[in-house]
Amino acid sequence: MKFTSRGFKAAAAVVATASLLGAGLLPAQAAPKTITVWADETRGPQLKSLIDGNTTIAPGYVIKVKFFASLTALQSAWDKATAAGGPDVLTGPASFNAAAKSGKVLPLLYSKVAQSEIPAAAKQALSYKGRTYGVPLDVDTTAMYWNTAFGASAPATIDAMYEIYKTQKAAGKVTGGICAFDGTWGAHPVLTALGGGAYGFTSNNADANKVLINSAAFKANVKKYLVGSDGKSTGFLKWDGCADEYKAGKMLAANTGAWNLDGITAAGIKFTLGPVPGLTASTKGSQWVNYSGAWVTSYARTHGVELGAKKLVVDWMASAAGQLQMYAAGDRPPANKKAAAAVKNANTKAFATAAATGVPQFSAWLDDKTGGSNWYDTLGSTLTNMLVKGEPVDSTLDAAAAILKKNFANASK
Amino acid sequence: MSKNYQRTGSVKLWPLIVKILIMSLFASGLGYMMYVAFLAGENLIGGVLAVILVAAFVVYSQKGLVPLKFLLPGIVLLAIFVVTPILYTVLMSGFVYKTGNEITRDQALTQIYETGYVPDENYTAFYMTLGRYEGEVSALLTEQMTMTAYLGTKGTATVLDAAEVQLDEYGTAVGLEGFEPISFEEAATLEAEIIDLRFDMGEGKFIRPESLDAASLMIQAFTLDPASGELYDSVNDITYVDNGEGNFVNKANPEEKLFPGWRAFSPLENYVGLVTDPVIRGPFINVFIWTFSFALITVVTMFAAGLALAIALDKKLRFKGFYKSVLILPYAIPSFMSILIWNGMFNRDFGAVNQLLGAPIDWYNDPTLAKLVILIVNLWLGFPYFYLISSGALQALPGELEEAAAIDGASPGQIMARIKLPLLLQILSPLLIASFAFNFNNFNIVYLLTNGGPINVLAGETAGATDILITYAYKTAFGSAEQNLGLASAISVIMFFIVGGLSLWSLRRSKVLESVM
């Protein structure tokens, strides 16, 4: 190899120019105590407007909010995160609590104030193997949107609702009864209204031994309301691709969250909000009540901001004051009991009322696959087998229960 | 070139300036990436970037090495985007790497200790004022219920006499003679030191900071015995041992694992699991068979359809150009659009197919029908390609052969079956093999059309009826809250060898390698 003097000169020139360009590229030394918060495209802008650049919530630290184009993008980034660019605080759905199993989030100790203001069920939903990892930010739940074209108010019982469905269907006015907008997830209040569901929940505790999907009552009611004389679906419950039918006024009711308020209103549907009616006037269906949360990641320790991040999460994000500020910016029902009591909006209150009859959605239980598949896939196959393929109700529900028993037993250890 | 440089000043100067600028941009960009990589502790990546930078300087700053000037970018990109992912996938397939086993052993132990900090039964909490006492980072602690003040220093908490402590308006200890409070800003810079503070309270209990102004009374449940490697949980009286597969497990009940676990290197575990674990083996074999069947049937049907059309359009026809253009259309439309449209057309309730047939056929919930849908749609997407190559190959066949056969009394069918088809297969076999390899990994058609379904989990199925290896690997890696990246990597490695082997065979058949090597 023979280097010419011109080559050396050129190389020297490149180094000199690159140094000048590089000096412009290199960032100023980053603030050493920055707490980086990750959020999705809806919560992110709200948090940015509230706490980005804040130095008073966790004195000694500056908060930086980074948000992603979608929840999927956030999830994907979180899956691939490393200490190099990972967040110190992660916000998102309760399913992120699964990171506790992999040691990617840190256990949290609630302050006395947080202990008293955070609902026990919310704390449990953000726990794994007995330790709490996240704080709940807001409530993700559903309510029944009753189309008032079929009656000024929702029927008091599911039987009355079924009778209306049969009449309207015979008249050719509807193609379905109640639509679970968000798939099998949104079908849960109908299942519970009929005596089914995932696990029992009493006194703020989920009961792993009480698998409800094959209860005698549910079996009987499935045959009465959901399965027709041909052995297939009556059409009273739809859970897949029925949103357009509801928005076209072809279904009596839909079960979904506040995130569909605008779309349903824009479609011109007039509705009332409330829980799915039960078998008697005094009982109601129980929808899933889930919580969005915030977690301090293990990267916070690597970045040397663990204590500051814990202060941000426990003392501000979980507090009534913090949640009311977030609610004002984003209309999400606060999880903090004191903050929830201070909310005045009618729709938010309607969802809160519906949520009062709900069952906390424990991701660790519902995602467990010890029995072969998780709750969501199991329920999908169960409904498909019974209502689409026309397979026998009893044996189908028993098969589902066998899977779920193993899942819940393992998750509750 | 050097003569040109010497002839005029402009020719000599400007290319040099442009070259310097391009190299400078390249060097500054790469230098910045190196800086970020080293800063983040990614020394391997930083080192590779440094090698690339040096190689670029060596190659482009001298007159010689002309071939390398052209080859270097390709070599670098090949190494980064092809070789590295393959090597990384092979490496990952040798690890127990799944949800619950994602971090290193040291990190997992740190996390296990973190979960071992158990608050006392009363959840005793303290207000905390940080400061220095006798030169040590210390804390004034006020128990929140009793408002008893403590000095936490040098690993011990000592009760303070109320008379010697300065209190704020809430009764919290904020001052003591010899104690110099530090600001939050300063405390933040000392976080690494503060986070490890422990003030002994006796009986195994200690006060531990929870943030910069709060602390809690705790015990540490776990103790690691370095000699035996056993981890003892004093709260539950359980001894855990390393199971060699990335987890501490209960010594008395090895099925009971402690999480988080770690990425354990176990080179054959995932491969052995594919063969021996019935939960994995069953679906894997079914998926493997369907993947082969799908790729084979797809190639055969597409080739048959394409060839039939090529033969039909090989005759003199009116509007032949129009027919040819129409036949190319499915190939011209982006495949994902076509797949989504077909997806809607096979919808049981609203799909055009069922409306035409007048029957509510549930295409997607029956395993056989779902497979048929995939084959039909893939045939639609792929036959134009085979029409094009068959048409070209037919044109290339020497006409004399057909004439000679006809003179010898061969029928058109015999000419096709015994003369043209063997010749076409000889010409097109590398393309058929390449198409087989492509369809072996045809992720889009399966994912967009059926998402691998239907799946009947109640019957114990863990893979969909139409899942092929690539979709199965994707679902295994990313499909649910429980991910298994190690197993997915092992499946990918197997696919790599199958597709790589087929490609090599194909290239050898077409003698492409011989012509260039």
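Student: What percentage of the 517 residues in chain B is buried?

Tutor: This is a predicted model, in which local features need pLDDT of at least 70, side-chain atom pairs count only at pLDDT 80 or more, and totals for chains, interfaces and linings use all residues. Residues are numbered from 1 along each chain as its sequence is written, while chains are lettered from A and ligands numbered from 1 in the order in which they are written. A residue is buried if 20 or more other C-beta atoms, placed from the backbone, lie within 10 Å of its own. Of the 517 residues in chain B, the buried share is 31%.

Student: What radius of gyration does chain B have?

Tutor: The radius is taken over C-alpha atoms, and the globule rule is 2.2 Å times the number of residues to the power 0.38. For a compact globule of 517 residues the value would be near 24 Å, whereas chain B has 35 Å.

Student: Which element of chain B gives the largest share of the side that touches chain A?

Tutor: Two residues are in contact if their C-beta atoms, placed from the backbone, lie within 7 Å; the contact takes 57 residues from chain A and 60 residues from chain B. Helices (H or I, at least four residues) and strands (E, at least two) are DSSP runs, numbered from the N terminus. Elements giving two or more residues to this side of chain B include strand 12 (214-220) and helix 5 (105-116). The largest share, 12 residues, comes from helix 2 of chain B.

Student: What mean pLDDT does chain B have?

Tutor: The pLDDT is the predictor's confidence in each residue, from 0 to 100. In chain B, 96% of the residues reach 70 or more, and the mean is 89.

Methods: A residue is buried if 20 or more other C-beta atoms lie within 10 Å of its own, exposed if 12 or fewer, and partly exposed in between; C-beta atoms are placed from the backbone.
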